[in-house]
Amino acid sequence: MLPAANRKIFTDGRTYMVGLLTLAVLALASYRATQLVVHDSIGDPLRDRIIAWHERRPDSRLRDAIVTLISCTYCAGWWVSGAALAVYLLAAGAFTGTPLLLHGVEWFAVAGGQALLNRWDDTRDRDAA
């Protein structure tokens, strides 16, 4: 179960919305995982294989979508943020007992934090050049 500081409780004991600190940590983790998927050299061999696979049938919509997913920081970030949030909620035992809509709002919050960090990172790289 979530620590008391990271959860809000209805009068009937149900929990909802993780705390701001947890959202911030999840956004940071999602930012780093997104960088791993899209940019880090450790993923180059897999990305290169997927791109070569796409080039054999460039008219395939599925292959095009997969290449877009692994090359777009914001596309990958959305799904990485959702995965990070789901893993956290399931590991903390906080997925059930909370309305699904609130988890959707949490997903937007984590993805928004991740996107802001990526935007900051993009502008920082541009300023250094």
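Let me start with Arg32, which counts as partly exposed at 43% relative accessibility. Before going on: the model is a predicted one.

What does Arg32 pair with? Arg32 forms a salt bridge with Asp40, and the closest N and O atoms are 2.5 Å apart. Asp40 has a relative accessibility of 19%, so Asp40 counts as buried. The cut-off for buried is under 20%.

How many salt bridges does a search of the whole structure find? The search finds three.

Asp44 and Arg47 meet through their side chains in a salt bridge, at 2.5 Å from N to O. Both residues sit in helix α2, three residues apart, which means about one helical turn separates them. Asp44 is partly exposed, with a relative accessible area of 31%. Arg47 is at 11% relative accessibility and counts as buried.

Then there is Asp121, in a salt bridge with Arg124, where the closest N and O atoms are again 2.5 Å apart. These two are three residues apart in helix α5, residues 100–128, so about one helical turn lies between them. Asp121 counts as buried at 6% relative accessibility, while Arg124 is partly exposed, with a relative accessible area of 40%.

Why does a spacing of three come up here? An α-helix has 3.6 residues a turn, so residues three or four places apart point the same way.

Next, helix α2 itself. It runs over residues 44–56, which is 13 residues. From first C-alpha to last it reaches 18 Å, close to the 18 Å expected at 1.5 Å a residue. Which residues of α2 are buried? They are Arg47, Ile50 and His54. These cover an arc of only 65 degrees around the axis, so they lie on the same side of α2. On the other side of α2, the exposed residues are Pro45, Arg49, Glu55 and Arg56. And what do the buried residues of α2 pack against? They pack against α1, residues 20–38, and α3, residues 61–71. Arg47, then, is one of the buried residues of α2 and also takes part in the salt bridge with Asp44.

On to helix α1, where Ser30 lies. Is Ser30 buried or exposed? Ser30 is buried, with a relative accessible area of 1%. A polar atom of the Ser30 side chain lies 2.8 Å from the backbone oxygen of Leu26. Leaving aside residues up to four places away in sequence, Ser30 touches Val80, Ser81, Ala84, Val110 and Gln114.

Two of those names come back in helix α4, residues 73–91. The buried residues of α4 include Val80 and Ser81. Also among them are Thr73, Ala76, Gly77, Gly82, Leu85 and Leu89. As for length, α4 has 19 residues and should span 27 Å at 1.5 Å a residue; its end C-alpha atoms are 26 Å apart, which agrees. Just after α4 comes Gly93, with a positive phi of about 70 degrees.

To recap two points. The search of the whole structure gives three salt bridges. Helix α2 has its buried residues on the same side, and those residues pack against α1 and α3. That is where I stop.

Terms used:
Residues numbered from 1 in each chain as written. Predicted model: local features only at pLDDT ≥ 70, side-chain atom pairs only at ≥ 80, totals over all residues. Heavy atoms only, no water. Helix = DSSP H or I, 4+ residues; strand = E, 2+ residues; numbered from the N terminus. Expected span 1.5 Å × (residues − 1). Buried < 20%, exposed > 50% of the residue type's maximum accessible area, 1.4 Å probe, protein only. Arc of directions from axis to C-beta. Contact = heavy atoms within 4.5 Å. Polar contact = N/O pair within 3.5 Å; in protein donor to acceptor, adjacent residues only side chain to side chain. Salt bridge = Lys/Arg side-chain N within 4 Å of Asp/Glu carboxyl O.
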